Amino acid sequence: MSGPVPGDGYDIARPPEPVPGCARCTDLGVRRAVARAEFDGSAETDMNVLLRRHQRAEHPSTVPTVLP
Ligand SMILES: [Zn+2]
């Protein structure tokens, strides 16, 4: 197990989890799971970025604040 990387705003070790009951989160979560199953690393990363961006906008309380 490795801890968070100091000074890195993106915590790659802990990808965002879809928020239960949110259609957008579920959609992105499913697409990420498909990308992961197909070993499509770039698509998986894209979905993580979209999930983070969406959750920062729509679910700010669920996203750990890593920025100063
Ligand atoms: Zn959501």
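What I would like you to notice at the outset is that helices α1 and α2 are roughly antiparallel to each other, where angles over 145 degrees count as roughly antiparallel, under 35 as roughly parallel, 65 to 115 as roughly perpendicular and the rest as oblique. This is a predicted model, in which local features need pLDDT of at least 70, side-chain atom pairs count only at pLDDT 80 or more, and totals for chains, interfaces and linings use all residues. Residues are numbered from 1 along each chain as its sequence is written.

Let me begin with the helix pair. Two packed helices are described by the angle between their axes and the distance between the axes. Helix α1 covers residues 23-37 and helix α2 residues 41-58, and they pack at an angle of about 165° with axes 8 Å apart; the axes are lines fitted to C-alpha atoms, for helices over the stretch in contact, and angles run from 0 to 180 degrees between N-to-C directions. The secondary structure of the protein chain comes to two helices and zero strands, taken as DSSP runs numbered from the N terminus, with helices being H or I of at least four residues and strands E of at least two.

Which residues of α1 meet α2? On the α1 side they are R24, C25, L28, R31, R32, A35 and R36, and in α2 their partners are A43, E44, M47, N48, L50, L51 and H54, with contact meaning that C-beta atoms, placed from the backbone, lie within 7 Å.

P18 is buried, with 22 other C-beta atoms within 10 Å, the rule being 20 or more for buried, 12 or fewer for exposed, and partly exposed in between. Leaving aside neighbours within four places in sequence, P18 is in contact with C25, T26, L28, G29 and L51.

F39, by contrast, is found in the loop between α1 and α2, and counts as exposed because it has 8 C-beta neighbours inside 10 Å. F39 also has a positive phi of about 55°, although it is not a glycine.

Finally, a word on confidence: the protein chain averages a pLDDT of 82, and 72% of the residues score at least 70, pLDDT being the predictor's confidence in each residue, from 0 to 100. Over residues 3-8 the pLDDT is below 50, and this stretch has two contacts in the model beyond near neighbours in sequence. Where pLDDT is low, the predicted coordinates should not be read in detail.
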